[in-house]
Every structure is written in C-alpha cells, then in structure tokens.
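Please look over the sequence and the model shown here. The paragraphs after them go through the fold piece by piece.

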Amino acid sequence: MRRLLAVILALGFAAAAHAVEMGDDGLHKPEWLRDTFKDLQEDYAEAQSEGKRLLLLVEQRGCLYCKDMHENTFPDPRVLALLQETYYPVQINLHGDIEIVDTDGETLTEKEATRKWRVLFTPTMIFLPRDLDDSMSAVDQAVSVMPGAFSPGTTLDMMTWVKEERYLDQSEEDFQRYHARMIKERNDGDTR
C-alpha cells in the first residue's frame with residue numbers, strides 16, 4: 001500500500017512539474033513568454049535590441065493542442081533553449097479584446113488581428129523576418145507560419161530552419177526536405 005501511495009505521489013509531482021501557470025484569460029503563461037503592450041513594431045524593436053527574432057504565438061482558451069504544446073513540446077530542452085535564446089515570443093489570444101498594433105501600424109483587437117492574419121487553428125506560430133517591413137501586416141511578411149500542435153522534433157526543426165534563415169534559399173531544401181534530413185540525422189525515424 002505504501003508503495004502504491006508513493007507511486008501516486010510521484011506521478012502527481014511529475015504532472016505538477018510540467019503544469020504551466022494559466023492566466024486570467026485562460027491561456028498558458030510560461031516564464032519565457034514576453035509580457036508586452038502588444039505593439040508589434042515596439043516588440044520587434046525590443047527583439048532586435050536583444051538580437052532575437054519576433055515570434056507570435058496565437059492561442060485560445062481551452063485549446064487542447066495549446067495545452068499539449070505547453071506540456072510536451074515547449075518544455076523540451078532543445079525547444080526551450082531556442083525560445084529563450086533566439087526568439088522573442090509574444091502571445092496573441094485568438095478571441096482576445098486587447099488592443100494591439102500590427103506590424104503595419106494598424107491598431108485593432110487581438111481577434112480582429114487574427115482574422116486579418118487568417119489564423120484558423122491554435123496554436124499557430126508566426127515567425128517574423130529579421131528585417132520588418134512596416135507597410136505589411138505580420139502574416140503577410142512572415143517567413144513561416146506553423147499552424148497546429150507539433151512534436152518537439154518538428155517544432156525544433158522549424159525553429160532552427162527559421163533561425164538559420166534557410167527559407168531564403170529553398171532551391172535544394174525546403175522545410176519538409178530539411179525536416180526529413182534532420183530526422184534521418186537524429187537516426188531514429190522519430191519526429192520527437
């Protein structure tokens with residue numbers, strides 16, 4: 001009986017270790033997310049000053065796929081290192097009423113922005129270019145948009161592909177070919 005209780009407690013502590021704090025808006029609030037005024041031009045400038053890339057993470061309350069990403073993908077040490085060292089992640093609520101300023105200077109609510117950006121799935125990761133064009137919306141100049149929940153390996157590969165600016169020359173290796181090569185190099189046939 002003691003052994004069973006110990007196992008139950010250990011599982012409870014393990015689950016708590018992966019639990020991510022939830023905000024009043026019902027979205028996950030890990031420490032690596034940037035709490036900003038959501039002026040994307042200012043966020044871009046701040047990211048630049050830190051030598052990082054602006055990354056928009058669109059989520060919604062009750063999203064099981066967002067939960068999966070926060071519990072299984074983002075905590076992966078390889079992904080977490082990129083989130084902290086390479087990217088400047090800003091969370092956008094798919095149905096939110098907080099006013100934001102898009103990269104083109106237009107002021108609108110989060111839900112109006114996500115409609116403008118044609119976001120249909122959560123989570124969606126929008127990777128912005130190194131050099132922002134203030135005449136274009138965030139999604140119109142994104143170097144990549146990753147809609148949906150993915151395993152740590154796939155997410156790692158996308159984040160690395162963007163970091164290394166491989167999108168600039170896809171003559172031989174677009175993302176899917178790059179991802180396939182990375183799976184092969186990890187020598188496990190697994191996307192994790």
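Lys-38 counts as buried, because its relative accessibility is 10%; buried means under 20% relative accessible area, exposed over 50%, and partly exposed in between, with a 1.4 Å probe and protein chains only. The model is predicted, and local features need pLDDT of at least 70, side-chain atom pairs count only at pLDDT 80 or more, and totals for chains, interfaces and linings use all residues. Residues are numbered from 1 along each chain as its sequence is written, and side-chain values use heavy atoms, with hydrogens and water left out.

The place of Lys-38 is the loop between helix 1 (2-18) and helix 2. Helices (H or I, at least four residues) and strands (E, at least two) are DSSP runs, numbered from the N terminus. Lys-38 is not a glycine, yet its phi is positive, near 65 degrees. A positive phi, about 60 degrees, is also found at Arg-118, again not a glycine. Arg-118 belongs to the loop between helix 5 and strand 5. With a relative accessible area of 55%, Arg-118 is exposed. That loop between helix 5 (110-116) and strand 5 also holds Pro-123, and the peptide bond leading from Thr-122 to Pro-123 is cis, with omega near -5 degrees.

The chain as a whole comes next. The protein chain has eight helices and six strands. Read from the N terminus on, its elements run α-α-β-α-α-β-β-β-α-β-α-β-α-α. Of the 192 residues in the protein chain, 45% are buried. Where contacts (heavy atoms within 4.5 Å) join residues at least 6 apart in sequence, 63% of them link residues at least 24 apart.

In what order do the four strands of the open sheet lie? The order is 2-1-5-6, and the pairing is mixed; two strands pair if DSSP finds at least two bridges between them. Strand 2 (87-93) and strand 6 are the edge strands, each pairing on one side only. On average, neighbouring strands of this sheet are turned by 20 degrees against each other, direction ignored. In general, strands of a sheet pair through backbone hydrogen bonds, either parallel or antiparallel.

Strand 1 (residues 53-59) pairs with strand 2 in the parallel sense, over seven bridges. In this pairing Val-58 stands opposite Ile-92 of strand 2. Helix 2 (residues 40-49) packs on the sheet and touches both strand 1 and strand 2. The direction of helix 2 makes about 135 degrees with that of strand 1; axes are lines fitted to C-alpha atoms, for helices over the stretch in contact, and angles run from 0 to 180 degrees between N-to-C directions.

Elsewhere in the sheet, strand 5 (residues 124-127) and strand 6 run antiparallel and are joined by four bridges. Phe-127 stands opposite Ser-144 in strand 6.

Strand 4 (residues 107-109) contains Thr-109. Thr-109 counts as buried because its relative accessibility is 18%. Leaving out residues up to four places away in sequence, Thr-109 touches Gly-96, Asp-97, Ile-98, Glu-99 and Ile-100.

The last topic is a pair of helices. Helix 7 (residues 152-163) and helix 8 (residues 175-186) have axes that come within 10 Å and cross at roughly 120 degrees. The two are therefore oblique to each other; angles under 35 degrees count as roughly parallel, over 145 as roughly antiparallel, 65 to 115 as roughly perpendicular, and the rest as oblique. The crossing of helix 7 and helix 8 is right-handed, a term for the near helix being turned clockwise from the far one by less than a right angle, with anticlockwise giving left-handed.

On the helix 7 side, Gly-153, Thr-154, Leu-156, Asp-157, Met-158, Thr-160 and Trp-161 meet Phe-175, Tyr-178, His-179, Met-182 and Arg-186 of helix 8. By class, this contact has six nonpolar, four polar and two charged residues; Ala, Val, Leu, Ile, Met, Phe, Trp, Tyr, Cys and Pro count as nonpolar, Asp, Glu, Lys and Arg as charged, and the others, Gly among them, as polar.

Which residues does Asp-157 touch, not counting residues up to four places away in sequence? They are Phe-175, Tyr-178, His-179, Met-182 and Arg-186. Asp-157 counts as buried because its relative accessibility is 2%. The C-alpha atoms of Asp-157 and Gln-176 are separated by 9.6 Å, with the two residues 19 apart along the chain.
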